[in-house]
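Below is a walk through one protein model. Please keep the sequence and the coordinates at hand while reading.

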Amino acid sequence: MKLTILGATGSIGVSTLDVVAQHPDRFEVVALSGHRQIEVLAAQCEKFRPAWAVVGSSEDAQRLAVLLRKAGSPTEVLHGEEALIQIASLPEVDAVMAAIVGAAGLKPTLAAARAGKRVLLANKEALVMAGAVFMSEVRCSGASLLPIDSEHNAVFQSMPHNYVGNMGQSGVRRILLTASGGPFRTMPLDQLAHVTPEQAVAHPNWTMGRKISVDSATMMNKGLEVIEAHWLFNAPADRIEVVIHPQSVIHSLVDYEDGSVLAQLGNPDMRTPIAHALAWPERIDSGVAALDLFTIAQLNFERPDLVRFPCLSLAYQALRANDNAAAVLNAANEVAVSAFLGGQLSFLGIADLIAATLDAVPQAAVPDLADVLEADRQGRTTAMKLLERNGGPAR
Ligand code: NAD
Ligand code: MG
């Protein structure tokens with residue numbers, strides 16, 4: 001199988017290459033992309049010898065080309081969004097790992113869907129922003145969409161094999177998305193105002209990029225995942241429930257009308273869903289250790305506390321509001337998280353900024369990509385203005 005890996009230098013990209021390296025007879029890397037970590041990308045190109053590598057800027061493209069020439073690597077270096085779209089739709093490529101973080105991944109991920117590839121979707125923000133447009137591209141091109149997000153991959157594995165997006169017909173009552181609750185699940189509420197970016201990115205069970213780690217601490221990650229589940233499985237908001245499960249061993253569950261509940265379990269390691277999606281419908285070794293239930297001993301569950309985690313309510317609200325709300329929510333969240341990581345916004349200010357942005361942007365339909373991009377632009381500019389007006393950490 002010939003692969004393009006978008007976001008190869010990130011946490012998901014590195015895990016993907018780890019699985020690929022274990023099966024050289026099965027996978028061939030045709031193209032890799034990375035944004036700024038040029039040395040990491042150069043080392044990946046030397047090892048996997050792709051035909052193409054894409055970076056963000058022309059300066060970085062030159063730096064990478066020099067490094068690769070020295071190493072005698074045959075890889076051709078390109079830069080910019082058009083080049084990402086190009087490597088996502090190369091005719092010789094079978095599958096595209098969409099692992100760019102945030103809205104920056106939307107156009108290349110959509111291009112892979114349009115080109116009818118097997119799309120391995122980690123970039124949940126693309127689906128949150130442009131769910132209707134994205135799913136319609138998948139249907140038109142006949143692309144197969146395989147979720148990499150551990151929860152959605154677990155739901156995919158627990159759904160009937162012939163599931164075609166009709167929960168009623170398949171006897172599915174609810175989708176139960178599990179959530180670890182992040183690093184602040186039990187912290188006294190009055191301390192939340194003062195938590196630092198370093199505390200927020202220190203996830204108890206998973207090692208991930210900084211943006212998704214902050215999203216996990218606010219539980220916006222689970223909110224985005226509720227919207228993601230809505231699009232992937234055609235599930236209405238009131239049939240998607242979030243369950244806090246601090247051990248992160250059950251990755252999600254499907255509750256059937258007859259009382260059966262099917263779940264997927266495993267050690268918290270993204271190489272499992274990545275290997276599942278790469279090899280589907282076959283199974284391959286991912287390098288993840290076998291689950292030892294005797295060591296785990298206990299599995300616990302709690303209802304999410306919406307006072308502690310207002311971002312989860314905001315995401316449900318955006319999903320129910322329909323139209324441009326999810327794209328605005330996503331854009332405001334990206335602005336808020338980067339302001340928090342940059343020290344311009346407090347942790348509690350994240351939810352406040354998103355709520356204020358959702359209130360300020362008028363509702364509009366988003367039938368086309370242009371409308372989605374406009375909603376994203378409005379969400380970003382509104383959030384930035386509100387941030388400047390507040391000047392400094394809120395609360
Ligand atoms: P990361 O920050 O570790 O990596 C992001 C990748 O995107 C890097 O390769 C980076 O170079 C690239 N990138 C960043 N900005 C870019 C831009 N403007 N243009 C082009 N490329 C850009 O992030 P990650 O943790 O690997 O997450 C990637 C995606 O997968 C996110 O959407 C995240 O929500 C999702 N995801 C991650 C995990 C996880 O365990 N890390 C789990 C589930 C879903
Ligand atoms: Mg997840």
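The paragraphs that follow go from the domains to their interface, then to the metal site and the salt bridges.

The model is predicted, not experimental. Its chain is divided into domain 1 (2-147), domain 2 (155-296) and domain 3 (322-388). The C-alpha centres of domain 1 and domain 2 lie 24 Å apart. In the contact between these two, domain 1 takes part with 27 residues and domain 2 with 26 residues.

The area buried between domain 1 and domain 2 comes to about 2400 Å², and carbon and sulfur atoms give 70% of it. On the domain 1 side, K124, V128 and P147 lose the most area to domain 2, and together they account for 24% of what that side buries. Polar groups also take part: the interface of domain 1 and domain 2 has 12 residue pairs in polar contact.

Next comes the metal site. Which residues are the protein donors of the magnesium ion (ligand 2)? They are D149 (OD), E151 (OE) and E225 (OE), at 2.1 to 2.2 Å from the ion. Along the chain these donors follow the spacing D-x1-E-x73-E. D149 lies in the loop between β7 (144-147) and α7 (150-158), while E225 belongs to helix α10 (residues 220-233), so this pair ties together parts that are 76 residues apart in sequence. Are D149 and E225 buried or exposed? Both D149 and E225 are buried.

K222 and E151 are both buried. A network of salt bridges links K124, D149, E151, K222 and E225.

In total, the count of salt bridges is 22. One of the others joins the side chains of E125 and K211, with a distance of 2.9 Å from N to O. R174 forms another with E241, where the closest N and O atoms are 2.9 Å apart. Here strand β8 (residues 172-179), which holds R174, is linked to strand β9 (residues 240-244), which holds E241, and the two residues are 67 apart in the chain. R174 counts as partly exposed because its relative accessibility is 26%; E241, at 31%, also counts as partly exposed.

A further salt bridge is formed by the side chains of E334 and R380, with N to O at 3.2 Å. E334 is in helix α14 (residues 325-341) and R380 in helix α16 (residues 369-390), so that distant parts of the chain, 46 residues apart, are linked. What is the burial state of E334? E334 counts as buried because its relative accessibility is 15%, whereas R380 has a relative accessible area of 24% and is partly exposed.

Methods: Residues numbered from 1 in each chain as written. Chains lettered and ligands numbered in written order. Predicted model: local features only at pLDDT ≥ 70, side-chain atom pairs only at ≥ 80, totals over all residues. Heavy atoms only, no water. Donors = N, O, S within 2.8 Å, 3.2 Å for Na, K, Ca; no water. Helix = DSSP H or I, 4+ residues; strand = E, 2+ residues; numbered from the N terminus. Buried < 20%, exposed > 50% of the residue type's maximum accessible area, 1.4 Å probe, protein only. Domains from an automatic or database assignment. Contact = heavy atoms within 4.5 Å. Buried area = accessible area lost by both parts, 1.4 Å probe. Salt bridge = Lys/Arg side-chain N within 4 Å of Asp/Glu carboxyl O. Polar contact = N/O pair within 3.5 Å; in protein donor to acceptor, adjacent residues only side chain to side chain.
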